[in-house]
Amino acid sequence: MITHANKLTYVLFIVLISSFWLFSAQPVSFTRVQIEDNFWKPRIETNSRISIPSAFKKCQETGRMDNFALAGGLIRGEHKGDYPFDDTDPYKIIEGASYSLAVHYNPQLDEYLDRVISLITAAQEKDGYLYTCRTNKCTRLERWMGKERWEKLNSHELYNSGHLYEAAAAHYQATGKRTLLDVAIKNADLIDRVFGPGPKQKKCPSGHPIIEMALVKLYRVTNNEKYLKLAGFFIEEAGRGHDGHKLSEYSQDHKPVVDQDEVVGHAVRAGYFYSGIADVARLTGNKDYMAALERLWNNMTGKKLYITGGIGARGMGEGFGDNYELPNMTAYCETCASIANVYWNYRMFLMYDDAKYIDVLERTLYNGVLSGVSLSGDRFFYDNPLESNCSHERAPWFGCACCPGNITRFIPSVPGYVYAQGDNEIFINLFVAGKGVIPFDNGNIEITQETQYPWQGEVVFTIDPDKDREFSLNIRVPGWAQNQPLPGDLYKFVEQNVEPVSIVVNKEVIDYQLQKGYAKIQREWKKGDRVVLHFPMPVKRVKADPLVEDDEGKTALVRGPVVFCLEGKDQPGGHVLNFFLPVEETIKGVFEPDLLGGVMTLTGKCMALEKNVKDEIVQMERSFKAIPYAAWNNRGKDEMLVWIPVEAKYTRPIPAPTIASMSRASSSVGFSDGLNDLYEPKRSNDTSKPFFYWWQKKGTEEWVQYDFAKPEFVSHVEVYWLDIDHYDCSARAPASWTLEYRIGSEWKKVEAMDEYTTKKDRYNLLYFKPMSTDALRIVVKLQPDFSGGIIEWKVY
């Protein structure tokens, strides 16, 4: 009888060390691609000069480096930081620094990495365990890590190990040094002894995926198949619920992988998990995994993908929402999730040789990923909304600092996505000026690209094989050049292209056939052959599926792979949230070399809703300028808008200030977003605009407070209660509440003239005896099994 464990072992052992034979497309290393353009080259250089040193400095300032030294007995003190996964930040930056070293050797950086790696080596326990908060006996983090090793599924012990392996592989491949690789192998060997199908081994999924794809990377570096088997083990454990672990959608382990068909839960974990599954599927030929990944990908692209390539609609749980739940102002779209989306789509391409995956990758790359880092390279977005009311700004670092480190490791790897190679064929996936040297049949083929992409739609390729060779040159024809903004039916262009994509080989226009989105040019190629690709790049409006409620009556502006937005800095009056842009208006693209490092801008006429001197709402014509979405917030906080209303009924004038909106809000949980932003809720589960909630509080007494700029004479309030069911937060109206006012330093209950109501889907009105005060406070008693929140609180 073949048991589950034996079957898994059998499936994985059919793989030989020559692992890529099952699929034709294989990566071309980023070290073989030299970028020489005005778009990516400056960003890669900024990452090397600014982002990596800046991130290392923050790791030092915040105690992340000291935690390793403390664990290694090199210093005395206490463990620093609020999260057990802080160890991963140095790992990620080491990975990015190693990529930079591989391209441009820097002896000072090389020496610095040696010093950091010596700290990590010292921190590792004798049996290979490496998790500084436990080694340092940081009991205050036991709510995360438990009292014993591997006790909690969400401890991030395996997540930390995954990033360690990724860093170790990169450092070894860049420098040839085994220092960090030996640490990784020692740790992986420990995990292989602890986890597995054996009777005395622990059985559970990884909790926070990344170790799956990292183990595959370790397998590729070491050729040791036990790491590939271990990656497969963690994947197979999803949905099994061994060892008493509670499984959930949040970690994508609610069902066996082969039964999953909807992307759910934490978006970063999902992207990493699906990437790891794709790695294993590609190496093993596991068709059940491949079918599951295709179902999940279709669900994402058809129902849960933002036009920017961002994924993860909800801030609570940092995860996916329901199908078609794609709010704009409260879009989470974590930077790490966009990076994970690139990883996943690239692996899908490697399995299927299909350009649709690169279409998603490219859209994500130019928008969802790049918005995560400032042009200066030292400020970062954690979440990336598609609309802002001046409340969003990049920061130099975060308490949970996963995104800055992820940027530092991702940006230098971008050249590796330009080309791929197959059986007697080369894929050109991205259009970037520079040179690629592709190993081919015991020789090399050099390809030079000349282009101003993404601002212009012409690319000139010079093909220089080491000798005359016959092969297929597969040039991706982007979906956006074929009247499809992204794969699937979630988005459509309002207008269609009429100008075709043309390809000229050695001055001769050719007829080409598209195969899986690639123009395949099969011929004998000689040194100096030239191919000119031209695709039209008109400004186009995109509309979303009618089921996307927040995009109803709106369009987004795109040109080529770039999504554009309106930012207040570029508009007369400084506002954009009162604009609407009729579909018949003409829009022009103009390249501005001195703006934001040199960007294409879109200009035209639009309408704005404003109030005149009689307080009447009127429509006024305004000029507008749109900039690339990824470039917004490089000039300070401002209003921003991606999805622009097409009619007046889908927008609103800038509201007049109120007592509430001018108040300073505070709460018992330390944050107070959404209480007084003047947005009218549609219902109690309307989370499309900012809202307040008592995060992870249940059955407790909590409060929210307004401090007025000056004493106000007030007589009544309106409260709109939150009512939602999300992965890790369900909120209901409170069991009870009271309203208090402040006199001096004393709080007193108002003399209520109405009942305190807790109705949902409406404002709850409370009249009280009028009085003058400088502050009001709502005190609630939450229901025992639910948190609570407020979408809007008005004061009169």
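Colleague: In what order do the seven strands of the open sheet run, and what is the pairing?

Modeller: The order is E2-E6-E7-E8-E15-E11-E12, and the pairing is antiparallel throughout this open sheet of seven strands. Strands here are DSSP runs of E with at least two residues, helices are runs of H or I with at least four residues, and both are numbered from the N terminus; two strands pair if DSSP finds at least two bridges between them.

Colleague: Which are the edge strands?

Modeller: Strand E2 (33–35) and strand E12 (508–509) are the edge strands, each pairing on one side only.

Colleague: Before we go on, what kind of model is this?

Modeller: This is a predicted model, in which local features need pLDDT of at least 70 and side-chain atom pairs count only at pLDDT 80 or more, while totals for chains, interfaces and linings use all residues. Residues are numbered from 1 along each chain as its sequence is written, and side-chain values use heavy atoms, with hydrogens and water left out.

Colleague: Back to E2, then: how many bridges does E2 share with E6?

Modeller: E2 and strand E6 (residues 434–440) pair in the antiparallel sense over three bridges, and Val33 stands opposite Gly436 in E6.

Colleague: Changing topic, how many salt bridges does the structure hold?

Modeller: There are 54 salt bridges, where the term means a side-chain nitrogen of Lys or Arg within 4 Å of a carboxyl oxygen of Asp or Glu.

Colleague: What is the partner of Glu36?

Modeller: Glu36 forms a salt bridge with Lys41, and their closest N and O atoms are 2.7 Å apart. Glu36 is partly exposed at 39% relative accessible area, and Lys41 is also partly exposed, at 26%; buried means under 20%, exposed over 50% and partly exposed in between, with a 1.4 Å probe and protein chains only.

Colleague: And where do Asp82 and Arg140 sit in the chain?

Modeller: Asp82 and Arg140 form a salt bridge with closest N and O atoms 3.9 Å apart. The pair links distant parts of the chain, 58 residues apart, with Asp82 in the loop between helix H3 (64–71) and helix H4 (88–103) and Arg140 in the loop between helix H6 (132–135) and helix H7 (142–145). Asp82 is exposed at 51%, whereas Arg140 is partly exposed at 45%.

Colleague: Is Asp707 buried or exposed?

Modeller: Asp707 is buried, with a relative accessible area of 9%. Asp707 forms a salt bridge with Arg742, the closest N and O atoms being 2.7 Å apart. Asp707 lies in strand E27 (residues 701–721) and Arg742 in strand E30 (residues 736–743), so this pair ties together parts 35 residues apart in sequence.
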